[in-house]
Amino acid sequence: MTDKTLRLGTRRSRLAMAQSGQVAEAVSRVTGRPVELVEITTYGDVSREQLAQIGGTGVFVTALRDALLKGEVDFAVHSLKDLPTTQPEELVVAAVPAREDPRDVIVARDALKFTDLPSGARIGTGSPRRMAQLNAYARSHGLDIATVPIRGNVDTRIGYVRSGELDAVVLAAAGLNRIGRGDEVTDFLSVDTVLPAPGQGALAIECAAGNADLVAALAELDDPFTRVAVTAERSLLAALEAGCSAPVGALADLLADGQIVKEMRLRGVVGTTDGTRMVQLSTTGPVPETHDGAMALGRELAAEMLAQGAAGLMGERAH
């Protein structure tokens, strides 16, 4: 490898820049090469439309992938939950580093917990997955909440709470932690209440499949347990034929006996956004030792969910 500067393609948001900066330092450490950030504006960053209307979270990825394919950048960093489940042949996810906290969190007025929110509380989120599960939880626990669709970056979303327009907003713990704002969280939503998006809290480092040296260097940042978990979660999403904006939650937990990881539990949920109908299932088995094994686990659970009527709960299915 030369000592030529590596170009890392990143979105311009504060969160993307923070994530990419952390990856840049790690890549520089393993390659001994300087890394520069190349800021790329994506359609998802400039459009004010609801995410589900403009093609789900894949809209954040296309411009970065185009830059990779044209050779304008050497590698790119994505939030894994934004990555479409179909992988272009010319590109490879060379590394999935160790995962941050996968949970969703609440930032509420007056430091309130979710269950302490007043009757009729207005909770902002742009995610049909979060809406479905929050409404289902509220319904089953006799809580009266209204979920309000919002978009925007972290500042914009938390601003709705600070201004009194909303009582609370739901965000990803990982994002707040990465920009150093974890102290603003007023409540962590247990994964038993709200399953995160498939791949939430994990990053994907993507580069050209033909660049063997770079693929090998980036692979040093890969965390095998994180990769097997997110592979199973994304396989479930793909097998449900659901796009990134569908109300699907999934989480693969590694179950350890002391220090030894023994099994993996994969949980999946899909529901209508009003929370009236939900299909939630889980499966536990040995930790998959191969990519294909992790994919099979996701497909098997998806098949069980479809057999219980999951397809009818997702609205428009991706094609």
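A salt bridge is here a side-chain nitrogen of Lys or Arg within 4 Å of a carboxyl oxygen of Asp or Glu. The model is predicted, so local features need pLDDT of at least 70 and side-chain atom pairs count only at pLDDT 80 or more, while totals for chains, interfaces and linings use all residues. Residues are numbered from 1 along each chain as its sequence is written, and side-chain values use heavy atoms, with hydrogens and water left out.

Select Arg181 and Glu184 to begin: they form a salt bridge whose closest N and O atoms are 2.6 Å apart. Arg181, at 12% relative accessibility, counts as buried (under 20% relative accessible area, with exposed meaning over 50% and partly exposed in between, for a 1.4 Å probe and protein chains only).

Next, select Asp104 and Arg130, whose side chains meet in a salt bridge at 2.7 Å, N to O. This pair links distant parts of the chain, since Asp104 is in strand β5 and Arg130 in helix α4, 26 residues apart (helices, H or I with at least four residues, and strands, E with at least two, are DSSP runs numbered from the N terminus). Both Asp104 and Arg130 are buried.

From β5, turn to the open sheet, in which 5 strands stand in the order β7-β6-β8-β5-β9 with mixed pairing (two strands pair if DSSP finds at least two bridges between them). Strands β7 (145–148) and β9 (187–189) are at the edges with a single partner strand each, so one side of each is left without a neighbour in the sheet. Within the sheet, β6 (residues 121–124) and β8 (residues 168–172) run parallel and are joined by 2 bridges; Ile123 has Ala168 of β8 as its bridge partner.

Now show helix α4 (residues 128–140), which packs on the sheet and touches β5 (104–108), β6, β7, β8 and β9 (contact means heavy atoms within 4.5 Å). Its direction makes about 175 degrees with that of β7 (axes are lines fitted to C-alpha atoms, for helices over the stretch in contact, and angles run from 0 to 180 degrees between N-to-C directions). Helix α5 (residues 154–162) also packs on the sheet, touching β5 and β8, and its direction makes about 155 degrees with that of β8.

Finally, select Arg7 and Asp74, whose side chains meet in a salt bridge at 3.1 Å, N to O.
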